[in-house]
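Please consult the sequence and the structure together while reading this briefing.

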Amino acid sequence: MKRIFLTLALIANAILLYVIWRGLNIGDTGNNLPEVQQQVGSHMLIGLGALTFATFVHAVALTYFMGTGRFLEETSKAYSLSGEYHSCSQRFKYGILPGMTLCLLFMITTGALGAVADPATPASLADTFGVTDDWIHFGGAVVMIGLNLVVTLLEYRAISGNTQVIEQVLAEVHRIRKERGLPVE
């Protein structure tokens with residue numbers, strides 16, 4: 001799972017960085033030229049795809065912890081193992097949830113700020129913050145990608161720690177089955 005998650009997280013963050021680069025190369029958004037609108041449209045579509053994929057990566061991590069938590073709980077009961085294995089897995093899972101939630105909120109916020117930064121949109125936050133809508137969106141995107149990088153790193157560390165717990169449980173189950181003369185495979 002570690003390699004799968006790492007690969008997915010690297011792809012998601014690379015696509016998010018590409019979307020930022022693409023947004024920086026849109027050009028003069030002050031005019032409504034068809035070329036600029038086409039660049040804005042493709043930036044928005046790629047950005048929505050990137051945010052969807054990044055959300056999928058976080059969902060994979062959460063699903064992994066839900067599944068392994070159930071496995072650890074049932075295996076601990078079946079083999080009368082210490083509840084510490086399941087508790088340790090829960091600490092890993094609940095340790096990443098706040099960061100994951102914050103990251104998802106920043107993704108949604110960045111998308112909303114991007115909609116406000118669209119030159120075809122009459123809404124504006126420029127008077128509120130004193131900078132252009134483009135810069136507000138760019139600042140939100142930079143914070144979001146930084147947060148996403150940190151959260152995916154924390155998720156990877158939690159998955160690595162949880163993998164060690166699962167390996168300990170499997171070794172313990174292997175030992176118990178061997179002692180009882182049960183098949184070990």
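The points below are grouped by topic.

This is a predicted model, in which local features need pLDDT of at least 70 and side-chain atom pairs count only at pLDDT 80 or more, while totals for chains, interfaces and linings use all residues. Residues are numbered from 1 along each chain as its sequence is written, and side-chain values use heavy atoms, with hydrogens and water left out.

- Helices here are DSSP runs of H or I with at least four residues, and strands are runs of E with at least two, numbered from the N terminus.
- Helix 2 consists of 45 residues and spans 65 Å between its first and last C-alpha, close to the 66 Å expected at 1.5 Å a residue; the expected span is 1.5 Å times one less than the number of residues.
- Just after helix 2, Ser-80 adopts a positive phi of about 55 degrees, although Ser-80 is not a glycine.
- Ser-80 belongs to the loop between helix 2 and helix 3 (84-117). With a relative accessible area of 65%, Ser-80 is exposed; exposed means over 50%, buried under 20%, and partly exposed in between, with a 1.4 Å probe and protein chains only.
- Just after helix 5, Gly-181 adopts a positive phi of about 75 degrees.

**Packing of helix 1 with helix 5**

- Two packed helices are described by the angle between their axes and the distance between the axes.
- The axes of helix 1 (residues 2-24) and helix 5 (residues 133-179) come within 10 Å and cross at roughly 175 degrees. Helix 1 is therefore roughly antiparallel to helix 5.
- Axes are lines fitted to C-alpha atoms, for helices over the stretch in contact, with angles from 0 to 180 degrees between N-to-C directions. Angles over 145 degrees count as roughly antiparallel, under 35 as roughly parallel, 65 to 115 as roughly perpendicular, and the rest as oblique.
- The residues of the contact between helix 1 and helix 5 comprise 15 nonpolar, five polar and two charged. Nonpolar covers Ala, Val, Leu, Ile, Met, Phe, Trp, Tyr, Cys and Pro; charged covers Asp, Glu, Lys and Arg; the others, Gly among them, are polar.

**Residues in helix 5**

- Ile-166 lies in helix 5 and is buried, at 14% relative accessible area.
- Leaving aside neighbours within four places in sequence, Ile-166 is in contact with Tyr-64, Thr-68, Phe-71 and Leu-72; contact means heavy atoms within 4.5 Å.
- The C-alpha atoms of Ile-166 and Arg-3 are separated by 16 Å, with the two residues 163 residues apart along the chain.
- His-174 is also placed in helix 5 and is partly exposed, at 38% relative accessibility.
- His-174 and Val-184 are 10 residues apart along the chain, and their C-alpha atoms are separated by 6.4 Å.

**Residues in helix 2**

- Gly-69 is located in helix 2 (residues 34-78) and is buried, with a relative accessible area of 10%.
- Not counting residues up to four places away in sequence, Gly-69 touches His-86 and Ser-89.
- Leu-45 lies in helix 2 but is exposed, with a relative accessible area of 62%.
- Between Leu-45 and Thr-109, which are 64 residues apart along the chain, the C-alpha separation is 16 Å.

**Cysteines**

- Cys-88 counts as buried at 19% relative accessibility, and Cys-103 is buried at 0%.
- Cys-88 and Gly-69 are 9.5 Å apart, C-alpha to C-alpha, and 19 residues apart in sequence.
- A disulfide is a covalent bond between the sulfur atoms of two cysteines. With a disulfide taken as a pair of cysteine sulfur atoms within 2.5 Å, the count comes to zero.
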